[in-house]
Amino acid sequence: MRTIFLIFAAMILLAVPGSGQTGNKSITAYLGQAAPGTSPVKFAPGIVSLGNENEFGSVFSKDGKSFYYGVEVGRRAEIRFTQLVGGTWTKPVALISDDL
């Protein structure tokens with residue numbers, strides 16, 4: 001049952017339209033990080049990428065003001081969310097959480 005939940009949650013996460021190709025160059029775009037390139041780099045260290053977690057399946061909303069991503073922390077999987085409010089990204093919160 002949990003596997004079905006995680007697959008369903010991932011499908012919802014991946015179905016959110018992204019805005020990664022809109023050309024938004026502001027300091028708030030990509031949580032203040034460099035735009036994606038061709039080489040892998042840690043994304044938003046200390047905010048999204050934390051040393052004790054495995055992040056996966058991230059997507060920005062079409063307007064670029066919301067960011068959703070999956071996290072595996074030990075034996076727990078979560079979908080987290082942060083949004084741009086008044087020019088500042090909020091602290092990520094778990095929207096969905098379940099034991100693996």
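**Exercise 1. Identify the residues that make up the largest nonpolar core of this predicted model, and state which element gives the largest share.**

Solution. The largest nonpolar core holds 11 residues in all, namely Ala-29, Tyr-30, Leu-31, Ala-44, Val-48, Phe-60, Phe-67, Tyr-69, Val-71, Leu-84 and Trp-89. Turning to the elements, one finds that strand 2 provides the largest share of this core, with three residues. As background, nonpolar side chains in soluble globular proteins tend to be buried together.

**Exercise 2. Determine which residues Leu-84 touches, once residues up to four places away in sequence are not counted.**

Solution. With that exclusion applied, Leu-84 touches Thr-28, Lys-65 and Trp-89. Of these, Trp-89 is listed together with Leu-84 in the largest nonpolar core.

**Exercise 3. Locate Ser-61, decide whether Ser-61 is buried or exposed, and find which backbone nitrogen lies 3.4 Å from a polar atom of its side chain.**

Solution. Ser-61 belongs to the loop that runs between strand 1 (54–60) and strand 2 (66–73). Its relative accessible area is 12%, and because buried means under 20%, Ser-61 counts as buried. The backbone nitrogen in question is that of Lys-65, which lies 3.4 Å from a polar atom of the Ser-61 side chain.

**Exercise 4. Describe the overall fold pattern and the surface of the protein.**

Solution. Of the 100 residues, 30% are buried. The protein exposes about 6,600 Å², of which carbon and sulfur atoms supply 60%. Finally, among contacts between residues at least 6 apart in sequence, 37% join residues at least 24 apart.

Definitions and conventions: Residues numbered from 1 in each chain as written. Predicted model: local features only at pLDDT ≥ 70, side-chain atom pairs only at ≥ 80, totals over all residues. Heavy atoms only, no water. Buried < 20%, exposed > 50% of the residue type's maximum accessible area, 1.4 Å probe, protein only. Contact = heavy atoms within 4.5 Å. Areas by Shrake-Rupley, 256 points an atom, 1.4 Å probe, with all protein chains shown as cover. Helix = DSSP H or I, 4+ residues; strand = E, 2+ residues; numbered from the N terminus. Polar contact = N/O pair within 3.5 Å; in protein donor to acceptor, adjacent residues only side chain to side chain. Core = buried A, V, L, I, M, F, W, Y, C linked by side-chain atoms within 4.5 Å.
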